Amino acid sequence: MARKSKGTWYVSFKLGSEKRWRERATETFPNEREAKQFARAKVAETENVTAGTLNPHLPKRTIAAAQMLKWLEEPG
């Protein structure tokens, strides 16, 4: 039986410079806890932070900027 991947999380965020308003950066993490820790810091620094899981992680999660604070409050 094939071993299932534990998945990888990402956090994507807007870069702070007004000149580069369309540019984003993305960091990846081995688990949700580390992704949340990083996302908390980014939410304090910049707007438009998103997160989610990279394929083939199931169930797939995508956290939009509008859902970010709610996700950060989830236990786990």
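I started from Arg33, which is found in helix α1; helices here are DSSP runs of H or I with at least four residues, strands are runs of E with at least two, and both are numbered from the N terminus. I note that this is a predicted model, in which local features need pLDDT of at least 70 and side-chain atom pairs count only at pLDDT 80 or more, while totals for chains, interfaces and linings use all residues. Residues are numbered from 1 along each chain as its sequence is written, and side-chain values use heavy atoms, with hydrogens and water left out.

**Entry: the chain as a whole**

I listed two helices and four strands in the chain, and from the N terminus on they run β-β-α-β-β-α. I then looked up burial, where buried means under 20% relative accessible area, exposed means over 50%, and partly exposed is in between (1.4 Å probe, protein chains only). Buried residues make up 32% of the 76 residues in the chain. For contacts, meaning heavy atoms within 4.5 Å, I took the pairs at least 6 apart in sequence and found that 49% of them join residues at least 24 apart.

**Entry: helix α1**

How far apart are the end C-alpha atoms of α1? They are 20 Å apart, which agrees with the 20 Å that the 14 residues of this helix (residues 32–45) should span at 1.5 Å a residue; the expected span is 1.5 Å times one less than the number of residues.

I next asked which residues of α1 are buried. Ala35, Lys36, Ala39 and Lys42 are buried, and they cover an arc of only 125° around the axis, which puts them on the same side of α1. The arc is that of the directions from the helix axis to the C-beta atoms. I kept in mind that an α-helix has 3.6 residues a turn, so residues three or four places apart point the same way. The cover over the buried residues of α1 includes β1 (8–14), β2 (24–29) and α2 (68–73).

On the other side of α1, I found Arg33, Gln37, Ala44 and Glu45 exposed. Arg33 counts as exposed because its relative accessibility is 53%.

Met68 lies in helix α2 and counts as buried because its relative accessibility is 3%. Leaving out residues up to four places away in sequence, I saw that Met68 touches Ala39, Val43, Val49, Thr50, Ala51 and Ile63. Met68 and Val49 are 19 residues apart in sequence, and their C-alpha atoms are 7.2 Å apart in space. With that sequence limit also applied to Trp71, its contacts include Trp9, Ala35, Lys36 and Ala39.

Glu74 touches Glu32, Lys36 and Arg61, not counting residues up to four places away in sequence.

Thr53 is found in strand β3 (residues 50–54), and at 0% relative accessibility this threonine counts as buried. Leaving aside neighbours within four places in sequence, I found Thr53 in contact with Thr8, Trp9, Tyr10, Pro59, Lys60 and Arg61.
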